[in-house]
Amino acid sequence: ATLLEFRDVSKRYGNDTLALSHVSFSVNEGELVSIIGPSGAGKSTLLRCINRLIEATSGEVIFDKTNVQQLSKGKLRALRTKIGMIFQSYNLVDRLSVFENVLHGRLGYKPAFVGALGLYHESEKKQALEILKSLGLEDQVYKRCDQLSGGQKQRVGIARALVQEPRMLLADEPIASLDPSSSKTIMDHLRHISTSLGITVLVNLHQLDIALNYADRIIGVSQGKVVFDGLPSELTDET
Ligand code: ADP
Ligand code: ADP
């Protein structure tokens with residue numbers, strides 16, 4: 001079944017930059033799709049139109065049969081809990097512990113309101129600990145995030161997204177700041193999230209070789225346009 005559909009979506013920044021130009025594609029439930037393309041191609045803009053961190057200029061973004069551009073503020077918040085997101089720069093709250101960062105994802109508190117683990121139910125803590133363990137972070141739970149390596153930080157980012165029990169995970173260049181070994185660990189986790197947890201994963205990458213290794217499908221973007229949409233094997237045959 002289709003979970004996400006872009007219908008003729010364009011995004012213009014100011015008067016000059018057409019970051020997305022008539023983009024159409026769809027993503028099935030449970031798929032791991034990689035968006036590839038050079039820096040500036042529009043990958044990040046594309047991802048952010050899904051949870052409306054960025055507003056599309058025209059066209060329709062349909063998630064789970066709902067037009068996301070027509071959602072009220074309250075419904076948009078509900079949508080964002082169903083769509084987890086991870087970033088190249090992790091976007092963790094450095095001075096808080098791993099545990100607090102992850103629980104923060106769960107309740108959507110602003111950092112200023114976090115700080116007391118007493119705020120959370122035992123069941124929430126237990127679930128967060130299980131997710132951290134599944135990501136190999138059981139020894140890091142009470143460390144401050146600024147004491148972690150990049151690979152560990154990205155795993156905390158994944159944990160923070162997973163506690164929301166999302167249907168889809170958006171990953172914006174999640175390995176661009178990581179060494180090859182940490183990159184492989186992160187991609188293995190994303191693969192597992194898609195295959196075993198059934199969560200749809202959309203991941204921006206600029207490395208074609210990694211997309212070829214991990215993705216069910218590849219969408220190639222160049223200068224705001226979709227220039228390829230198909231299986232990794234079709235891409236290697238072409239080039
Ligand atoms: P990618 O993720 O593939 O690197 P982006 O989506 O970040 O591409 O950017 C696509 C284009 O839009 C680029 O030309 C970029 O400079 C431009 N752009 C991105 N964000 C903004 C913004 N907030 N304001 C103006 N231009 C932007
Ligand atoms: P990066 O530098 O990694 O590309 P940004 O610094 O542009 O990312 O981060 C975008 C902003 O969106 C961050 O301030 C982040 O805290 C916020 N954010 C993260 N996840 C969500 C979400 N699911 N819904 C709304 N906002 C989010």
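**Figure 1. Cysteine residues C145 and C49 in the predicted model.** C145 has a relative accessibility of 0% and therefore counts as buried, where buried means under 20% relative accessible area, exposed means over 50% and partly exposed lies in between, with a 1.4 Å probe and protein chains only. C49 is likewise buried, at a relative accessible area of 2%. A search of the whole structure finds zero disulfides, a disulfide being a pair of cysteine sulfur atoms within 2.5 Å. This is a predicted model, in which local features need pLDDT of at least 70 and side-chain atom pairs count only at pLDDT 80 or more, whereas totals for chains, interfaces and linings use all residues; side-chain values use heavy atoms, with hydrogens and water left out. Residues are numbered from 1 along each chain as its sequence is written, while chains are lettered from A and ligands numbered from 1 in the order in which they are written.

**Figure 2. Helix α1 and the residue that follows.** Helix α1 covers residues 43–50 and is mostly covered, since six of its eight residues are buried; helices (H or I, at least four residues) and strands (E, at least two) are DSSP runs, numbered from the N terminus. The buried residues of α1 are K43, T45, L46, L47, C49 and I50. Just after α1, R52 adopts a positive phi of about 60°.

**Figure 3. G74 in helix α2.** G74 belongs to helix α2, which comprises residues 73–82. With a relative accessible area of 42%, G74 is partly exposed. L202 stands 128 residues from G74 along the chain, and the C-alpha atoms of the two are separated by 24 Å.

**Figure 4. The whole chain as context for the close-ups.** The chain contains eight helices and ten strands, and its C-alpha trace spans about 50 × 40 × 35 Å along the principal axes. For 239 residues a compact globule would have a radius of gyration near 18 Å, and the chain, at 18 Å, agrees with this; the radius is taken over C-alpha atoms, and the globule rule is 2.2 Å times the number of residues to the power 0.38. Of the 239 residues in the chain, 52% are buried. Among contacts in the chain with a separation of 6 or more, 67% come from residues 24 or more positions apart, contact meaning heavy atoms within 4.5 Å.
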